[in-house]
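Let's take a walk through this one, strand by strand. Have the sequence and the model side by side as you read.

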Amino acid sequence: MQRGELRRILLDSLPVGAVRWGHKVSGVRALGEGRHEVAFADGTTLTTSLLVGADGAWSRVRPLLSDAAPEYVGRSFIETHLFDGDTRHPASAKAVGGGSLFALAPDKGIQAHRESSGTLHTYMAFSKPQEWLAVSISPIPPRQSRGSHASSTTGHRSSPH
Ligand SMILES: Cc1cc2nc3c(=O)[nH]c(=O)nc-3n(C[C@H](O)[C@H](O)[C@H](O)COP(=O)(O)OP(=O)(O)OC[C@H]3O[C@@H](n4cnc5c(N)ncnc54)[C@H](O)[C@@H]3O)c2cc1C
């Protein structure tokens, strides 16, 4: 199942209005007795009797519990999507085959799989210094990329996935 589809199913199971979109948390403050004030980037605040921090690697809530901060673990990933793989990128589609492709070597590797829409989704992994991506990759304008899309993500996580 595509991640977006799972997300849609979970969101559809919630009462209308349960999710308030477009509210970026700028800070949280303990008020005592388990209550917290949550401040948002638009200047509004709310007070809650139960606060669950599920805001990812750069969580605004985690500092209430821990001094731990994300750190680069030495692995950078470049992610690509080749749309209409069989038609527009037949050589790549043939290499990936009917399921997944893993081509792994010391300090680098390629992982690719087919998605339900016919997209070939690829991660290229490199063990490189954190600055490497910034100086090595230039964004490709959409028209030149001919239907493919590349983005990069640096490894701000405790372990490679
Ligand atoms: C390219 C890539 C591929 C991955 N592939 C896999 C995989 O194949 N298998 C696997 O198990 N894991 C994979 N992971 C890791 C996995 O995505 C993460 O471990 C997981 O999403 C972490 O979940 P989370 O709920 O902690 O944070 P997230 O999924 O990052 O969710 C945090 C949410 O909080 C929101 N948020 C953040 N800051 C604020 C703020 N200040 N105010 C309001 N909202 C905020 C964000 O918008 C987001 O919706 C991958 C990660 C990446 C980047």
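What follows is a tour of the sheet, its pairings and its turns.

First, some housekeeping: this is a predicted model, with local features needing pLDDT of at least 70 and side-chain atom pairs counting only at pLDDT 80 or more, while totals for chains, interfaces and linings use all residues. Residues are numbered from 1 along each chain as its sequence is written.

Start with the overall layout: an open sheet of three strands, in the order S1-S2-S3, with antiparallel pairing. S1 and S3 are the edge strands, each pairing on one side only, and from one strand to the next the twist averages 20°. A few terms: strands are DSSP runs of E with at least two residues, numbered from the N terminus, and two of them pair if DSSP finds at least two bridges between them.

Now zoom in on the pairing of S1 (residues 25–32) with S2 (residues 35–40), which is antiparallel and held by six bridges. Valine 25 sits opposite phenylalanine 40 of S2, and glycine 27 has alanine 39 in S2 as its bridge partner. The two strands make a hairpin with two residues between them, and glutamate 33 in that turn has a positive phi of about 55°.

On to the next pair. S2 and S3 (residues 45–48) also run antiparallel, joined by four bridges. Here glutamate 37 faces threonine 47 in S3 as its opposite number. This hairpin leaves four residues between its strands, and in the turn glycine 43 has a positive phi of about 95°.

Note on methods. Axes fitted to C-alpha atoms, helices over the stretch in contact; angles between N-to-C directions.
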